[in-house]
Each structure stands twice: as structure tokens, then as C-alpha cells.
Amino acid sequence: MTSISFSVRLEEERVSFWFVVTDSARNVTTVPGSEVEAAIRMNRNRINSAFLLTDNTLQFLKISSTLSPPIEPTVPVWLVVFGVVLCLVVAGILLLVVSGIRQYKKKNHESAETGDLEDNSNTPVTTENGIPCDILDLKAGQINGVYAADDERLTPL
Amino acid sequence: MEKPRPLWGNPLQFVFACISYAVGLGNVWRFPYLCQMYGGGGFLIPYFIMLIIEGMPLLYLELAVGQHMRQGSIGVWKTISPYLSGVGIASVVVSFFLSMYYNVINAWSFWYLFHSFQDPLPWANCPLNSNHTGYDEECAKTSSTQYFWYRKTLNISSSIEEYGSIHWEQAVCLILAWLVVYLCILRGTESTGKVVYVTASLPYLVLFIYLIRGLTLHGAVNGLIYMFTPKLEQLANPKTWINAATQIFFSLGLGFGSLIAFASYNEPNNNCERYAIIISLINSSTSIFASIVTFSIYGFKATFNYENCLSKVILLLTNVFDLEEGALTADNLDSMKDYLISTYPNQYAELLPQIKNCSLEAELDTAVQGTGLAFIVYSEAIKNMEVSQLYSVLYFIMLLMLGIGSMLGNTAAILTPLTDSKFLSTHLPKEVISGIVCFINCIVGLVFTMEAGNYWFDIFNDYAATLSLLLIVLVETIAVCYIYGLRKFEKDLLLMLGHKPNWYWKIMWAFASPVLIISLFIFYLTDYIRTGTLDTTLRDQL
């Protein structure tokens, strides 16, 4: 069993003391300084809390306090969040691409089924009284310039 | 006959797309800096004058041209004159350069966002050195936020020649950023139109939350006073006016072809005049709003650092001179220092190098712009707030929205001419073209994730889009006014909107804006030739 004896010297305005650790089991000899230092380093926390002090208010000369390392989470949190966002984005892209391909196939399928009067492109067929205009004789009518298609308005220079 | 051109679902989508594009990172990280450097509240005077002389007219011009010709930038200028198709190609090339490096900023925002879910925030504390007796050397010399930015995020090498390896974490974030952009532009205006509702409005919500939080922070008032006290003598400095003109010019994103692309998806009778005014006013007010938030945060950070500095000095003096606890306070520090100098001259002289002179003005004066402001200064302020994780997440989501909104415009500027071209659109569906563009940009962007990547980023930021844009917009204005003809343009506007443009627009288009751009161009060119580097005025504008 070890016992600690204190000798307090009020040299400065700060409370300071030095102490000697003896091992009563081994003939009351002093424990070597290096062992004491190692023990203090390991148990600094307990010694501090015994005095209700902190590393800043209780200083051991020659034993510089080690700082507690920042808490490292076991799993890198950022990778988890990254993984979640990545999966969502890739799922979104696949969804849009697949639905786009399906729409495209459906459109092709539909336009293959319709009759000869319609083109495969999406231009609406202009009709006059239910008869498509390209059958009618357009020369008899007047082309109204206001309704010219976009391309014709912008003649290249 | 070809498919009808895709249109915006409603005019609001168009407005939101333009706002989302124009309101970008430059509003948050460039304007507050300019305000501080060039006269505080007084800077608003040249800012608004330039808005009226060049901002609104040039914005209206680009929107009207795009809406009328209904094509991307290459097609538009080819239609005006076949000799001018080079202007369109220049716009596309500049947009390509911009999208290459701009998305790296989004990658950084993602990185910080993902790291915000930890308690404490990873940039709040320095890591320890190897034997745990103190902090890591690099970190102790600077600060934990700077360490996190330069070492953990960028892992920056000491010079541009030392390439180093690709930082895989950044590369992965960059790939994610490009996937997000691809998701938004995949279906063209159909998907972009929905996304811009979020990217345009969310930043305002976050800025509002930050405004409330910022104004209630301790010391915020110091920052606001410092910023808004007008220093009217700066108005005599020509650099003030040049910076105001440059900021308006680049903040609106003119010359990239994005505005032309967005407007080309409009209904032909959309009132783009009204929207041009609305968009430019919203852009400028957002800059002012963001700088109020930024300066309250500055004030908080500066006050916090100042008080920390003071308490460190007090602790040092108390320890060395064995004074009572509480004998030294912030108020009596100066008088006590004089007393100590006179009573213990030798000891004080030894101590002198360690005693820092704490000054609030010095802390406020550290005007920062660009990535330094966004990622170092803001994160330093955030780590000192309560519930810092929440504010951090909000802030980086806001940066992401701003960045992605601008990227949507950039990619639209590249993709619209490509999908307009008959050759490409008959052979490849637009999803594949978008995918190829995103893929190429992503691969090239991996350069910026190397250890020397930030130096390359600075080069691109300074030179890629700056002088060339001035030239492009100058040629655009001259082309529309003099080659196409102002009268013909007037008639086109009459057809589209139902009324002719009034004399203000015509004078600005024909005289004021070209003259202003020419003078800006001459100034920057001569400055570049004289000093050998491009004026830092132009950087970080976008």
C-alpha cells in the first residue's frame, strides 16, 4: 500500500506544494520520480477531479499536460451522408432516364400505328372542315403573312 | 419540320431561372468586400448609377434578342449576321471554361456540408501534434478554420509546380456535384424549370434566418456600423466607379449566352422588358441584403476575436506578475499596462513580444473576399454560435443552391446551341448530349482536385471569363445597334411586346453602355500590360 505525505510551503501567493510518495509495503522508501511522473500522467484526470481542479488550475512542474484528442467518430460521418445523397441522386437520374426511354419507345410505337396522313414528327395537321389542307388546293386561297412560321420570318442574310 | 421548341411551364419559371443564375456566389462573397473597401454606404451611389447605365439595358438586350430569335447564342448571332457567328462560339467557349472550374466550388460546399453533421464541427479545433502535448504546428500558426480549409479540404501543395496527387475525397465530391447538375438539366427546361423554384428561393430563406441570427449576435452592430458609415471621399477614387461597373456587369452574368438561352425558351410575347428590370433590381438588392448579413457576422467574429485576444493578454500579465484574479479587466488594461511598464520595466520588456496589441478595428479591417470569406471567415463565425451544426448545414446548403443555380445557367448556355444544331440533335438525344458535356467537364475538373488544384482554380478564376466577356458584350451591343439596326430591333420589340422601347433604352444601348464597356476594357488592358497581372478587381465577381 502506498501513502503520500505532503509538505506545504507557502512561498508564493499561489498555493503550491511538493510531495513525496512512499511505499509502505517496501520499507518506507520513496518511490522513484519517474514512476510517479508516469503514474500522474496516466491518472491526471482522477487527480484533477479529486481536487476539483482542471489542467489549467492545477499544474505539475515538469509534467506538461497532454491535451485530449478531439473525439473521432468510429465511422466517418461525412461518408455516410455523402453515400445517402449519392444514392438519392443516382436513383433520380436513373428514374428520369428510364422514364424518358419508355416515353420515347411509346411515342415511336404510337406513331407507327397511326395512318399515312400524319407525319412521324409532331406537327399538327392543318385541316379545313375536316379535310387536310395539303389535299386542298392552296393556290385558291390567300396566305396570311401574320401567321408565317418562325423560320420564314427570319430570312438569313 | 422539327419538334416545337420546349417552353418554360410558366413565366415564373423563367424569372426564377434568371434570378437563380444571376444571384450567385459573387453577391455573397464579392459585394460585401467592395462595399467595405470603397466607401461603405457611399458605394451604393456608383453601384446604382452603373445599374441604370449598363445593368438593366444590357440585360434587356440579351433577353430580347434571345426571346426574339428563339435560339441559343450561336444561332442568334448567326441570324443577325453570318460574320458574327464567332460571337456565339466565343460565348459557348467561355461558358465551357466557367463550368469547368465553377462546379469545384459546389464540390467544396458539399464537402463542408457533409462535415457539418459532427459535434464538434471538425474545423472548430486544431488536431494535436504527435505526442499530444500541443496543437499541430501548421494549425497553431494560423487557425483551425484555415487549417481545415488549406490542409484538410484542399491539401494544398506549396506551389503550382508541385502537382501532388488527386485528393480522392474532393474528386468524389466533384463527381457528386456534376451528377446533381446532370439530374437538374437532364430533361431540359422541363426539369430545370422545377429545380429553379428551389434554387432561387431557398437562399433567401437561409439569408433571412441568418439575418435574424446575425443581428442578434454579440458584436454584430460593430460590423454594421463599420460597413455602412459612408466614406464619401472614396467617390473621387476612379477605382470605385470601375469596381461598381465591373460588379454590375459580371454579377448579371452577361455575355455567357445563358440569358439568351433562357429567353429563347420563352413565349414570343413574354414581357422581357419588365422582367429585365425586376431581375436586375432583385440581383442588386440581394447583394445588399447579403452584405448586411455578412457584416453582422464580421462584427461578431471580430468582437469575439478581440475579446479572446484581450483575455489572453490579461491571463498572461496576471500569471507573470502574480496579480490577483480580476485585477486586470478589459477596461483598466491600458492603465494597468502603463503601471506595469513603470514598475517592472525589465520583466515587461522581456514579455513584450508575446503581448499582442488587440484592436477591434484591425480585426474588422481584415476584409476578405472570395473563397476565403465563404469557407474560412464564415465557418469561423459559425463554430462560435450555439447549435453550430444547424447553422453550418443551412449556410452550406445556401452556398450549394447559389452555385447550382449559376451552373444551370452555364450548362444551358452550352447545351442550348448544341441541341439547336440540327446535326447533333438528329443523331443524339439531348440526354446523351447533356451527359457527354457533364462528363467532359467532370474529367477536366479533376485537375482542380489535385494538391496544386487551388492555384489552377485561381488562374481560371482570374483569366477565364473576365476580359473576354467585356469584349463579347461590347460586340453584342454594337452588333444589335449598328449591324442589325436599332430601328429593325425596335420593330421586333414592337411585334413581341406591343410597344416600342423608349428613349432611355435606346440611348443606353447605342451610346452609354458601349462607351462604358470600352473604357472598362481599355482600363483593364492597360493595367494588365503595365503590371503584368490582371487586376484583382475582376476576380471572384461571378
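Colleague: In which helix of chain B does Ser251(B) lie?

Modeller: This is a predicted model, in which local features need pLDDT of at least 70, side-chain atom pairs count only at pLDDT 80 or more, and totals for chains, interfaces and linings use all residues. Residues are numbered from 1 along each chain as its sequence is written, chains are lettered from A and ligands numbered from 1 in the order in which they are written, and side-chain values use heavy atoms, leaving out hydrogens and water. Helices are DSSP runs of H or I of at least four residues, strands are runs of E of at least two, and both are numbered from the N terminus. Ser251(B) belongs to residues 238-251 of chain B, helix H12.

Colleague: Is Ser251(B) buried or exposed?

Modeller: With a 1.4 Å probe and protein chains only, buried means under 20% relative accessible area, exposed over 50%, and partly exposed in between. The relative accessible area of Ser251(B) is 4%, and therefore this residue counts as buried.

Colleague: What is the largest C-alpha distance among the residues under the UniProt annotation "binding site"?

Modeller: The annotation comes from an unreviewed UniProt entry and covers Ala22(B), Val23(B), Asn27(B), Ser251(B), Asn283(B), Leu402(B) and Ser406(B). Such annotations may be inferred rather than shown by experiment. These residues are spread over 385 residues of sequence but cluster in space, the largest C-alpha distance being 12.7 Å.

Colleague: At what angle do H4(B) and H23(B) pack?

Modeller: Residues in contact include Leu61(B) and Val65(B) of H4(B), and Val480(B) and Leu493(B) of H23(B). Axes are lines fitted to C-alpha atoms over the stretch in contact, and angles run from 0 to 180 degrees between N-to-C directions. Helix H4 (residues 44-69) and helix H23 (residues 467-497) of chain B have axes 10 Å apart and pack at an angle of about 65°.

Colleague: What pattern does chain A follow along its sequence?

Modeller: Chain A has three helices and five strands, and 13% of its 157 residues count as buried. Read along the sequence, the pattern is β-β-β-α-α-β-β-α.

Technical notes:
Contact = heavy atoms within 4.5 Å.
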